[in-house]
Amino acid sequence: MKFEEFGFDKRILDAIKRAGYVTPTPIQVQAIPPGLAGRDILGCAQTGTGKTCAFAVPILHYLGNNKPIAGSGAKRIRALILTPTRELAMQIDESFATYGEFMPLSNTLVMGGVGQESQVRAVKNGVDILTATPGRFIDLVWQGFIDPCFVEIFVLDEADRMLDMGFFPDVKRVVEMLPKKRQTMFFSATMPPEVQKLTETLLSNPVRVAVTPVSSTVDKIDQYVLMTDKTAKPDLAVWLLQQMPKEASVLIFTRTKHGADRLSRKLTSAGIRSKAIHGDKSQNARVDALTDFKSGKCRVLVATDIAARGLDIDDISYVLNYELSNEPETYVHRIGRTGRAGKDGTAVSLCDFDEKKLLADIEKLIKKKIPVEDGHPYPMTFFAPTPKKPRPPRRPRA
């Protein structure tokens, strides 16, 4: 199938061709037609499947070929995309700018972590398409800078990530602000009970689309694991990166923010250009790190799971799980950062004795054994759980 066959606005088609898109992905094939028809959509798809284009095209086509509903004006928005992370919000806004390059529509984003002044200026006269994180959107509505009463299309993206990050109360507040009559598109990589319950209140007779279930990993991703000791992981990571092609881009995942910073410093001291990105970094620092990584100025990005489903970066050669996640589904999201758009990719995991149970949970989820690679210089030597540190004795009450 070709994009021409969908029958959407030629101006969008010209922009898509200019961006290098030729053949739609499975999620786009399933979601674009009902989206163009104004149907509600319930989509189960992980990042990297092309779902931003799947909901952006119907939004651009509708808004570009229909006048705003009566009564809308200053402070109004016509389409709202709600997403959990700042990085994902920026990328969605960039996608709308790309696909809507030749459309007479305005788009912008509002998000926390930065001052609101420039965002207020961008929305004060109304905007056609607004991408937002929940907290900042609610703040600007309460301050009177945004009027959500005229939203015609609402997209909730990465719903399960919203749940994981504790945003569900804010999501429900946003939904209560929106008009009852609207088109709603709902996307989530998994459907836990809380998310499923939300879909029942949000959607009206939705078209269901499902692509790449979370328990499956991209076939083109070569996966393997190195068994080692926890104390040897920093040196093993340096050794691994030194074996990789110098032009290869590598995304490394750690469990904690401090761990990301420590590893980045270790790599830098070994002569490997790297930067860390996590929730404690300022928005400017996060943008700079992503920009340097995308441009190749920095070949290694060390991240916490804030990046697991928030980054859309092409041509990541390797994903390195420096520490395995406590949630097996997160492994799938992490390694999905490589092998995108049909390209090859490699996912390497470092596993110490304490993480063997986590590895077993991952293999159970993906229904396959991950090959163990031997022959590295830091093999596992400790075959017992790490002793837990004793709690300090409580002080006696006076």
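Predicted model: local features only at pLDDT ≥ 70, side-chain atom pairs only at ≥ 80, totals over all residues.
Start by selecting Q91, which is found in helix α4. Helices here are DSSP runs of H or I with at least four residues, strands are E runs of at least two, and both are numbered from the N terminus. Residues are numbered from 1 along each chain as its sequence is written.

Is Q91 buried or exposed? At 8% relative accessibility, Q91 counts as buried; buried means under 20% relative accessible area, exposed over 50% and partly exposed in between, with a 1.4 Å probe and protein chains only.

Next, select F8, F55, I59 and F96. Within the largest nonpolar core, which has 34 residues, these four touch the most other members. Such a core is a set of buried Ala, Val, Leu, Ile, Met, Phe, Trp, Tyr and Cys residues joined through side-chain atoms within 4.5 Å. Elements that each supply at least two of its residues include α1 (10–18), α2 (26–36), α3 (51–65) and β2 (77–82). The largest share, eight residues, comes from α3. Zoom in on F8: leaving aside neighbours within four places in sequence, F8 is in contact with F3, L13, I16, I32, L36, V57 and H61, contact meaning heavy atoms within 4.5 Å.

Move on to helix α8 (residues 168–177) and helix α9 (residues 193–202). Their axes lie 12 Å apart at an angle of about 5°; axes are lines fitted to C-alpha atoms, for helices over the stretch in contact, and angles run from 0 to 180 degrees between N-to-C directions. The two helices are therefore roughly parallel, the word for angles under 35 degrees, with over 145 being roughly antiparallel, 65 to 115 roughly perpendicular and the rest oblique. Show F168, V171 and V175 of α8 with E194, V195, L198 and L202 of α9 to see the contact.

Stay on α8 and colour its buried residues: F168, D170, V171, V174, V175 and M177. These buried residues pack against β2, α6 (134–142), β5, α7 (159–164) and α9.

C298 is buried, at 3% relative accessible area, and C351 is buried at 0%.

Definitions and conventions
Heavy atoms only, no water.
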